[in-house]
Amino acid sequence: MAGLLQALVRASEKAADIARLCRREQPLFQLLVAEKTGPDRNQRFLQDFKTLADVLIQEVIKHDLGKEFPELQGHIHGEESNEFRSPEGETVTVRVCATPGDTAALLLAVLAPEREASELLSDAVHQDVALADAALAGVELSIPPQDLAIWIDPIDSTNEYIRGSENVSPIDGIAPAGLCSALVLIGAYNRRTGCPVLGVINEPFFRRDSVTHRWQGRYHWGVAYGDTRLSSLSPPGPSLVPRVVLSRAEAPAVRAALQPLCGGRLLFASGAGYKLLCVILGLADVYVLSEGSTFTWDACAPHAILRALGGGIVALTGALQARRAGSTGTPPELVYNRPIDGADGAERWANCGGLVAYVDPQHLEAVLATLDAVPGL
């Protein structure tokens with residue numbers, strides 16, 4: 001288990017390196033920001049390059065984890081299909097090959113004639129990542145990898161990754177938008193119960209180096225298995241007045257109900273993963289989302305870390321239904337092994353009842369009590 005935790009962190013660091021590379025190197029960045037519309041859309045290849053960046057990071061994580069832990073092969077899941085159409089109309093399955101040259105050749109089949117871009121990506125895919133983290137190295141746990149499965153969100157908040165500003169001033173410690181909200185999320189859950197047990201969140205664009213001006217990242221991890229609760233972070237301190245972070249698209253009725261609870265001040269940010277991270281870091285106490293617009297890959301990794309800190313994520317609709325039925329105690333939390341019957345594609349894995357993420361159960365209770373009176377929830 002300790003080896004698996006380290007492997008998840010290493011995979012997140014390699015993913016973060018690739019994400020930074022695509023922003024830093026001009027041959028890649030020009031492809032990343034290229035806008036394809038109208039008759040020219042997808043003329044060169046079926047998906048935009050940003051989709052290839054997502055898929056490549058996803059496949060690198062699958063490859064590296066599956067190679068080190070064969071028990072996980074076939075149980076590492078992501079959002080994106082890894083099949084692309086070449087300029088000649090042939091189907092290309094993006095994967096990590098045995099050598100950098102083979103991987104570069106495969107990528108060139110999708111990106112032709114962008115040879116330099118293909119080679120830059122291949123070199124990053126095949127790099128070795130070393131960790132210098134004494135605290136992580138000292139973690140000793142015991143859980144069979146064959147009991148686990150993985151959800152990957154290779155680049156959460158893709159729109160901010162592509163076009164987000166690099167110089168967004170935070171408000172109360174929270175960036176309302178921008179590149180810093182683009183994250184790599186890797187979460188492990190119990191195959192049988194669906195309960196999240198391991199989570200890694202990587203911030204590839206945490207800050208710029210003062211000398212080189214290159215982006216530097218950081219990562220956070222958490223373990224919640226049985227009675228074990230371990231994290232790279234300490235639980236945030238108590239807050240008398242709950243600080244709630246929302247999407248700007250949140251329903252007006254929800255915003256109006258929560259505002260008095262929060263002393264008249266609500267917080268806003270981009271990206272589901274980033275808003276969950278704000279709760280983990282203690283920048284907000286609760287994240288509320290009333291719509292089913294997040295997915296298992298958005299929530300699995302943050303959920304494991306929240307559980308390690310004493311909190312969790314519940315389905316908003318289910319929590320309110322339980323409350324109205326007279327149920328007491330903490331509502332059931334999200335699980336990650338149950339697709340929605342009758343749904344297709346990504347919607348099979350939607351968190352369709354909305355969600356509430358928290359660290360302090362008292363804040364969860366206060367938010368649910370407030371939203372209980374909102375019509376339509």
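Predicted model: local features only at pLDDT ≥ 70, side-chain atom pairs only at ≥ 80, totals over all residues.

Student: OK. How many helices and strands does the chain have?

Tutor: The chain has 12 helices and 13 strands.

Student: What is the radius of gyration, and what would a compact globule have?

Tutor: The chain has 21 Å. A compact globule with 377 residues would be near 21 Å, so the two agree. The C-alpha atoms fill a box of roughly 60 × 50 × 50 Å along the principal axes.

Student: What share of the residues is buried?

Tutor: Of the 377 residues, 50% count as buried. The chain exposes about 16200 Å², and carbon and sulfur atoms supply 48% of that area.

Student: And contacts between residues at least 6 apart in sequence: what share joins residues at least 24 apart?

Tutor: That share is 69%.

Student: Switching topic. Which residues does UniProt place under "binding site"?

Tutor: The UniProt record, an unreviewed entry, puts that feature at Glu79, Asp153, Ile155, Asp156 and Asp298. They are spread over 220 residues of sequence but cluster in space, with a largest C-alpha distance of 10.6 Å.

Student: Take Asp153. Buried or exposed?

Tutor: Asp153 is buried because its relative accessible area is 3%, and the cut-off for buried is under 20%. Asp153 lies in strand 4.

Student: What does Asp153 touch, beyond residues up to four places away in sequence?

Tutor: Leu183, Val184, Leu185, Trp297 and Asp298. Asp298 is also one of the residues in the UniProt feature.

Student: Where is Glu79?

Tutor: Glu79 is in the loop between strand 1 (76-78) and strand 2 (83-85). With 39% relative accessibility, Glu79 counts as partly exposed. Leaving aside neighbours within four places in sequence, Glu79 is in contact with Gln58, Ile152 and Trp297. Trp297 is on the contact list of Asp153 too.

Student: What about phi at Ser157?

Tutor: Ser157 is not a glycine, yet its phi is positive, about 65°. Ser157 lies in the loop between strand 4 (148-156) and helix 7 (158-163). Its relative accessibility is 14%, so Ser157 counts as buried.

Student: And what is the phi of Asp172?

Tutor: About 55°, so to speak on the positive side, and Asp172 is not a glycine either. Asp172 is found in the loop between helix 7 and strand 5 (183-190). Asp172 is partly exposed, with a relative accessible area of 45%.

Student: Back to Tyr225. What does it touch, not counting residues up to four places away?

Tutor: Tyr225 touches Ser142, Ile143 and Val197. At 31% relative accessibility, Tyr225 counts as partly exposed. The C-alpha atoms of Tyr225 and Tyr189 are separated by 9.6 Å, though the two are 36 residues apart along the chain.

Student: Where does Gly226 sit?

Tutor: Gly226 is in the loop between strand 7 (215-225) and strand 8 (228-231). Gly226 is exposed because its relative accessible area is 55%, and exposed means over 50%. Gly226 and Val197 are 29 residues apart in sequence and 8.8 Å apart in space, C-alpha to C-alpha. Val197 is also touched by Tyr225.

Student: Last one. Where is Arg229, and what is it in contact with?

Tutor: Arg229 lies in strand 8. Beyond neighbours within four places in sequence, Arg229 is in contact with Val223, Ala224, Arg307 and Ala308. Arg229 counts as partly exposed, at 38% relative accessibility. Gly310 is 81 residues away along the chain, and its C-alpha atom is 8.1 Å from that of Arg229.

Note on methods: Residues numbered from 1 in each chain as written. Heavy atoms only, no water. Helix = DSSP H or I, 4+ residues; strand = E, 2+ residues; numbered from the N terminus. Rg over C-alpha atoms; globule rule 2.2 N^0.38 Å. Buried < 20%, exposed > 50% of the residue type's maximum accessible area, 1.4 Å probe, protein only. Contact = heavy atoms within 4.5 Å. Areas by Shrake-Rupley, 256 points an atom, 1.4 Å probe, with all protein chains shown as cover. UniProt positions renumbered as here; feature names shortened; annotations may be inferred.
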